[in-house]
Each structure stands twice: as C-alpha cells, then as structure tokens.
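Biologist: I'd like to walk through this fold with you. Can we start in the middle and work outwards?

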Amino acid sequence: NPSDSEDSQAGRRGSHQRGLQRRSRQQDSGDDEEEEEEEEAEAGDYDPLADLPTLRRVILSRRQLEKWHTEPYFADAVQECLVRILIGSDKQGDGQVPVYRMASVAAVVQGTHNAKELPQYTFPLGTKNRTGLWLELEIGRSRRVFKMELVSNQPVSEGEFNRWTQTLLKDGLPAPRKSFVTDITTKLAKASEYRYTSAEVRTILEEKRKSGRMHNLTFEKDRLIFGRRQAEQAG
C-alpha cells in the first residue's frame, strides 16, 4: 500500500530528526560543561573530583591508627581522614561475610558519647595495646562511634567507594575534590614531623608506662627528648 509506505518513511524521518535533536542538545550540554571546566582551569579555579586512587592517600589503616593513637597530634591529624570500617556481617550461604563501609573521621572521642559509656579495648593481633579512644565516623549524614580495632588494614574496593559516593549524593553532600586530598596529605605530613614539648614527653612516657607498652624506658625517653631539642633548635 503506497500510503502505508509513505507513512512509514515519514515516521522514520521524524524519529531520526528527533534523535538528531536530542543528540544535539546533549552535545550542547556537554560542550557547555567542557567550556565551563576549561574556563575554570584557565582561571586556576578548576578542582576535579578525587577518584579512588587519589583518595587512597588519605585512607588510614588500623596499623597507622595504632601507631599514632598515643601521640598528642592524633585527634587533629586523623580528623577528616577516611577509613574502611567493619559495620557488621551479611549471611552468605551457610556462613557470614563481613561488611565494610568507607567512612570519614568526624572526631576522636573517649569516656562517654551521647550518654553512652565508651570502655577501653585492646587492638587485635596480639599487640596488647589498650586504648579508650574511639572514632566518631560519618557515612553520609549518619554518625556512629566505632572502636579503632574495627578499622581495616585492607584497601577500599571499587564497590565500597561507589556505595560511599552514592550515599553522599543521596544525602545531598559534596563529593571530595582533589584539593581536599592535598589539604589532608599536607596535614598528615606536618603531623609526622611533630616536635614534642617537655610536658608532652612526660605525658607520653607516663601513658606508655601505665599501659605496659614501655619496653625500653631509657631509649624511649631519649628519642622523645631528642625530638624536642630538634624543635627548639629549629626555632
């Protein structure tokens, strides 16, 4: 039927034209975004989103936390850093599999939190290091306190990273930019160069003595005092 053939051809032409118009609008939108990014880059204002390989520089392991947790700079240094935290388990087959989430450190707390007592605990794997410090962690807009012993030493997976970014988006929170990583790594570098005061030396030695982690008192004291003298010489 000639009429049916003409209608079919007209329909295809209309569909093709609409497809071209949609692609044109998408191209225009993409061009606009690229132009905005180019203008920001030229002005020195462009700050790209931080991908997972970039964020790994500010994801702390349990090993790092345990090494630093008695230091006077600990609470300030770890704030806003990221961790991989064990939040529970899911049933899989006849057993259970651990569930980890990516989270941001909001604060270091001890004693009580929201009228809940926070007891001391021991780091795992036979180190015998005891602490009363807990991490207040943010996952999106949700906040909870966790023992540092639940922080993983293993890297964050792509799936965990994607779930975290989706949670930020759902909760209306901005995803971290590369400048965030730069700021945090600068802060961590300064922490690693920290120089102790005399009072801090005495406090650290006393805390280690109480916790039973002082295996060589003379060596530890000399190390801390040497660090303090370096700071005094540096002005």
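Biologist: Which residues does M102 touch, leaving aside those up to four places away in sequence?
Modeller: Keep in mind that this is a predicted model. M102 is one of the residues with the most contacts inside the largest nonpolar core. Setting aside residues up to four places away in sequence, its partners are L55, I59, L82, V83, I139, V156, E160, F161 and W164.

Biologist: And which helix brings the largest share of that core?
Modeller: The largest nonpolar core has 40 residues, with L55, L65, V83, M102, L137 and M148 having the most contacts inside it. The largest share, 5 residues, comes from residues 178-192, which is helix α6.

Biologist: Moving on to the second largest pocket, which residues are the closest to its centre?
Modeller: This pocket holds about 320 Å³ of space. Its lining counts 10 nonpolar, 2 polar and 3 charged residues. Of the 15 lining residues, the closest to the centre are S104, E138, W164, P174 and F180.

Biologist: Which element gives the most to that lining?
Modeller: Two elements, β3 (95-113) and α5, each supply at least two residues. With 3 residues, the one that gives the most is β3.

Biologist: Is P174 buried or exposed?
Modeller: P174 sits in the loop between α5 (158-170) and α6. Its C-alpha atom is 9.7 Å from that of L49, though the two residues are 125 apart along the chain. The cut-off for exposed is over 50% relative accessible area. P174 has 70%, so it counts as exposed.

Biologist: What is the phi of E80, roughly?
Modeller: Most residues other than glycine have a negative phi. E80 lies in the loop between α4 (74-78) and β2 (82-92), and its relative accessibility of 43% makes it partly exposed. E80 is not a glycine, yet its phi is positive, at about 80 degrees.

Biologist: Then there's A115: what is its relative accessible area?
Modeller: A115 also isn't a glycine, and has a positive phi of about 70 degrees. Its place is in the loop between β3 and β4 (116-118). A115 is exposed, and its relative accessible area is 83%.

Biologist: Stepping back, among contacts between residues at least 6 apart in sequence, what percentage join residues at least 24 apart?
Modeller: The protein has 8 helices and 8 strands, and buried residues make up 33% of its 235 residues. Among contacts between residues at least 6 apart in sequence, the part joining residues at least 24 apart is 64%.

Note on methods. Residues are numbered from 1 along each chain as its sequence is written. This is a predicted model: local features need pLDDT of at least 70, side-chain atom pairs count only at pLDDT 80 or more; totals for chains, interfaces and linings use all residues. Side-chain values use heavy atoms; hydrogens and water are left out. A nonpolar core is a set of buried Ala, Val, Leu, Ile, Met, Phe, Trp, Tyr and Cys residues joined through side-chain atoms within 4.5 Å. Buried means under 20% relative accessible area, exposed over 50%, partly exposed in between (1.4 Å probe, protein chains only). Helices (H or I, at least four residues) and strands (E, at least two) are DSSP runs, numbered from the N terminus. Contact means heavy atoms within 4.5 Å. On a 1 Å grid over the protein atoms alone, a cavity is a set of points where a 1.4 Å probe fits but cannot get out, and a pocket is an open set with protein on both sides within 12 Å along at least five of seven lines; lining residues have an atom within 4 Å of a point. Grid points are joined across faces, edges and corners, and a volume is the space filled by probe spheres set on the points. Ala, Val, Leu, Ile, Met, Phe, Trp, Tyr, Cys and Pro count as nonpolar, Asp, Glu, Lys and Arg as charged, and the others, Gly among them, as polar.
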